[in-house]
Amino acid sequence: MPSKQFTHRLGLIFVFRSGLLLLLALVSTMAFAHGVDDNTRSFLEQNTGVQFIPFLYIGAKHMLTGYDHLLFLVGVIFFLYRSRDVLLYVTMFTIGHSITLLWGVLGNIQVNAHLIDAIIGLSVVYKGFDNLGGFKRLLGWQPNTRWAVLIFGLFHGFGLATKLQEFQLPEEGLLTNLLAFNIGVELGQFAALAFILIAINFWRRLPSYERFATLTNTLLMSAGFILMGYQLTGFAVL
């Protein structure tokens, strides 16, 4: 059996890495604008016709580099212990962002990207605050967590849609390309969640899990506030 000192150190390492992930979230959000790097930008601007595999790949890469989306999902699954519950909440999130992704692009729904991304930052703050029991302590009640995940999923989908709208994708093959992109997003999401769940499930076996739960969710809230501030600043200086 590992000593308490050893397990304590493992817990500290895990929390340190969690904090590092939050810092990467901020850097990635500012530097890569939701995973739209120069090569992807060039492809999207020059794309014509159906390109199923490239859009599938772009969707998966977007989710794997979309740390704001992943931070929210970390908060969602942090205190979910049953696989059925994880699947339910992830499905609610998936339904939400799939609806607004397709609706936003196909319906040409124009929404300010900075405001949408600020709301996505707010979703991270909400989940960390909810995990800390903030609603019950301050307000005496807790929002319906399932509906909250679905509603914030809608905003996350609009965040995806605003990025694609920047490139004025041609009408030819647009629906097929969007479906491929959305499938890629889901594949990237499940791949990322698989690693996150493995790490969290390992950490749950250690005494440090409950001990550092407050710190971890406080870090989530801090990252969300910084993301909100960054996007609202961008909106204010437009």
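This is a predicted model: local features need pLDDT of at least 70, side-chain atom pairs count only at pLDDT 80 or more; totals for chains, interfaces and linings use all residues.
Helices α3 (52-65) and α9 (174-204) each supply at least two residues of a nonpolar patch. The patch lies on the surface and is formed by Val 50, Phe 52, Ile 53, Ile 183 and Leu 187. Together these five residues have about 460 Å² of accessible area. Find Leu 187 first. Leu 187 sits in helix α9.

Now step from Leu 187 to Met 63. In sequence the two are 124 residues apart. In space their C-alpha atoms are 8.5 Å apart. Met 63 belongs to helix α3. Is Met 63 buried or exposed? Met 63 has a relative accessible area of 1%, so it counts as buried. What does Met 63 touch, once residues up to four places away in sequence are set aside? The answer is His 69, Leu 70, Val 185, Gly 188 and Gln 189.

His 69 leads on to another residue. His 69 is also in contact with His 156. His 156 lies in helix α8. The relative accessible area of His 156 is 0%, so this residue is buried. Beyond its neighbours within four places in sequence, His 156 is in contact with Asp 68, His 69, Phe 72, Phe 93, His 97, Ile 120 and Ser 123.

Two of those contacts, Phe 72 and Phe 93, bring us to the aromatic rings. Phe 72 and Phe 93 are part of one aromatic cluster, along with Tyr 126, Phe 129, Phe 135, Trp 141 and Phe 152. How many aromatic pairs are there in the model? The count comes to 11. A pair of aromatic rings is described by two things: the distance of the centres and the angle of the planes.

Take Phe 78 and Trp 203. Their rings form an edge-to-face pair, 6.2 Å centre to centre, with 75 degrees between the planes. Phe 78 is buried, because its relative accessibility is 1%. Trp 203 is buried too, with a relative accessible area of 1%.

Next, look at Tyr 126 and Phe 152. This aromatic pair is tilted: the centres are 5.3 Å apart and the planes are 35 degrees apart. Tyr 126 lies in helix α6 and Phe 152 in helix α8, so the pair ties together parts that are 26 residues apart in sequence. Tyr 126 has 8% relative accessibility and counts as buried. Phe 152, at 13%, counts as buried as well.

One ring has a charge for a partner. The charged end of Arg 204 sits over the ring of Tyr 81, 4.4 Å from the ring centre.

Charges also pair with each other. How many salt bridges does the model hold? The count is 4. One of them joins Asp 117 and Lys 163, with the closest N and O atoms 3.6 Å apart. This pair links distant parts of the chain, 46 residues apart. Asp 117 is in helix α6 (residues 113-131), and Lys 163 is in helix α8 (residues 145-165). Asp 117 and Lys 163 are both buried.

A second salt bridge stays within one helix. Lys 127 pairs with Asp 130, and the closest N and O atoms are 2.8 Å apart. The two residues are 3 apart in helix α6, which means about one helical turn separates them. Asp 130 is buried, at 7%. Salt bridges can also share partners: Asp 117, Lys 163 and Glu 166 are joined into one network in this way.

The salt bridge between Asp 85 and Arg 82 has its closest N and O atoms 3.0 Å apart. Here the partners fall into two classes. Asp 85 has a relative accessible area of 15%, so it is buried. Arg 82 has a relative accessible area of 47%, so it is partly exposed.

Terms used. Residues are numbered from 1 along each chain as its sequence is written. Side-chain values use heavy atoms; hydrogens and water are left out. Patches are made of residues with over 30% relative accessible area and no salt bridge: like charges are joined within 9 Å, nonpolar side chains (Val, Leu, Ile, Met, Phe, Trp, Tyr) within 5 Å. Accessible areas come from the Shrake-Rupley method with a 1.4 Å probe; for residues, only the protein chains shown count as cover. A salt bridge is a side-chain nitrogen of Lys or Arg within 4 Å of a carboxyl oxygen of Asp or Glu. Helices (H or I, at least four residues) and strands (E, at least two) are DSSP runs, numbered from the N terminus. Buried means under 20% relative accessible area, exposed over 50%, partly exposed in between (1.4 Å probe, protein chains only). Contact means heavy atoms within 4.5 Å. Rings of Phe, Tyr and Trp (its six-membered ring) pair if their centres lie within 6.5 Å; planes under 30 degrees apart count as stacked, over 60 as edge-to-face and the rest as tilted. A charge sits over a ring if NZ of Lys or CZ of Arg is within 6 Å of the ring centre and within 35 degrees of the ring normal.
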